[in-house]
Amino acid sequence: MSQGPRSGLAAVSSALLAMSRHLEVRDVLKTIVASARELLDAQYAALGVPDDHGGFAQFVVDGVSDEQWRAIGPLPRQHGILAAMLREAKAERLADVRKDPRFEGWPAAHPDLADFLGLPIRDGDEVIGALFLANKLCAPQGHHPRPGPEGGCGFTEEDEELLGILAQHAAIALTNARLYERSRELTIAEERSRLAHELHDAVSQKLFSLRLTAQAAAALVDRDPARAKDELHQVAALAAEAADELRAAVVELRPAALDEDGLVATLRTQIQVLDRAHTARVTFTGNGFRALPAAQEEALLRVAQEALHNALRHSGAAHVDVSVRRRGCGAVLRVTDDGDGFDPTAVRRAGRHLGLVSMRDRASGAGGTLTVESAPGKGTTIEMEVPGG
């Protein structure tokens with residue numbers, strides 16, 4: 001193994017730890033590629049996750065600027081050396097990739113690659129990716145590493161061994177990230193199913209009452225116009241309530257834009273719509289908040305939604321306030337209402353009433369804590385704290 005400063009045990013350990021810290025697939029791929037390029041002193045590194053149609057579902061590069069990447073054009077297809085790595089599931093170490101009979105060229109804007117080292121990333125018998133490096137950097141005594149005469153200095157057997165270790169850990173990190181994203185999808189599906197049942201029950205009840213009230217008004221219109229008028233007013237009120245239920249459910253069923261907008265913007269948007277949809281005043285403040293790990297932001301959002309649901313549907317509150325503020329490296333979510341309140345100890349014995357158990361599970365799953373303060377006639381405050389990254 002080469003004796004450069006990045007080839008020591010500490011550097012390898014740092015790279016492996018960096019892989020394990022990320023839960024999002026894209027972040028894992030970027031970390032793997034950057035770690036491989038740095039550890040093996042390569043000018044370029046890339047990792048492709050193949051799809052089932054001859055291309056790549058994801059393709060991440062390191063060492064190429066955003067402008068260069070845009071100029072190169074569409075994602076590569078599974079051809080040439082890349083196809084061989086995926087198909088034959090074996091390492092490829094070449095002195096000059098351009099002289100290999102399988103070489104099929106590259107777009108005009110593509111950087112010149114010479115020496116090449118590639119390995120498949122395998123999960124059991126399945127090849128889930130291809131990791132490769134190009135242009136080994138030369139590092140003369142007292143100088144910064146730079147490309148050699150023909151693009152590189154040549155990858156060694158020791159480099160191949162080190163990349164093999166990275167590829168094995170990359171397979172674990174990538175598999176874990178995929179499982180995490182799958183669990184998130186299942187959680188979202190469960191939330192949507194719960195909301196769909198809730199929407200069906202709430203709106204069906206409102207529409208049933210609406211139908212009965214309309215029938216009563218029709219029966220009274222001739223013999224008691226005054227009572228018929230009262231019943232029609234009730235029809236209008238019930239129709240408005242049904243519309244409120246629908247609007248609120250649509251907001252909750254719509255996927256949260258956490259990845260694009262962040263927690264504060266996502267909460268603010270949802271709360272603005274809830275404020276318009278309900279007679280209760282719903283307000284929001286976000287102070288000194290900074291981005292948190294994705295799992296923590298999602299947990300905070302789901303707890304806020306559950307607490308808002310309780311306050312708006314069950315408490316009879318006239319005002320619900322939601323706030324998110326920074327605390328140390330983490331954050332605190334607080335949902336307060338001036339509704340009927342309840343006895344938290346009695347609810348705890350009753351099990352999952354008001355979703356308190358699921359909220360506590362979400363908080364603990366994100367490494368945080370949940371506290372509930374309430375009393376009959378005194379409103380309710382739910383506070384969740386997470387530690388941050």
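Q: How many nonpolar, polar and charged residues does the lining of the largest pocket have?
A: In this predicted model, the lining has 22 nonpolar, four polar and three charged residues, where Ala, Val, Leu, Ile, Met, Phe, Trp, Tyr, Cys and Pro count as nonpolar, Asp, Glu, Lys and Arg as charged, and the others, Gly among them, as polar. Residues are numbered from 1 along each chain as its sequence is written, local features need pLDDT of at least 70, and side-chain atom pairs count only at pLDDT 80 or more, whereas totals for chains, interfaces and linings use all residues. Side-chain values rest on heavy atoms, with hydrogens and water left out.

Q: Why does F56 count as buried?
A: Buried means under 20% relative accessible area, exposed over 50% and partly exposed in between, with a 1.4 Å probe and protein chains only; F56 has 6% relative accessibility and therefore counts as buried. F59, at 8%, also counts as buried.

Q: What makes the pair of F56 and F59 edge-to-face?
A: Rings of Phe, Tyr and Trp (its six-membered ring) pair if their centres lie within 6.5 Å, and planes under 30 degrees apart count as stacked, over 60 as edge-to-face and the rest as tilted. The ring centres of F56 and F59 are 5.2 Å apart and their planes stand at 70 degrees, so the pair is edge-to-face.

Q: Why is the aromatic pair of F59 and F132 called tilted?
A: The centres of F59 and F132 lie 6.3 Å apart, with 50 degrees between the planes, and the pair is tilted.
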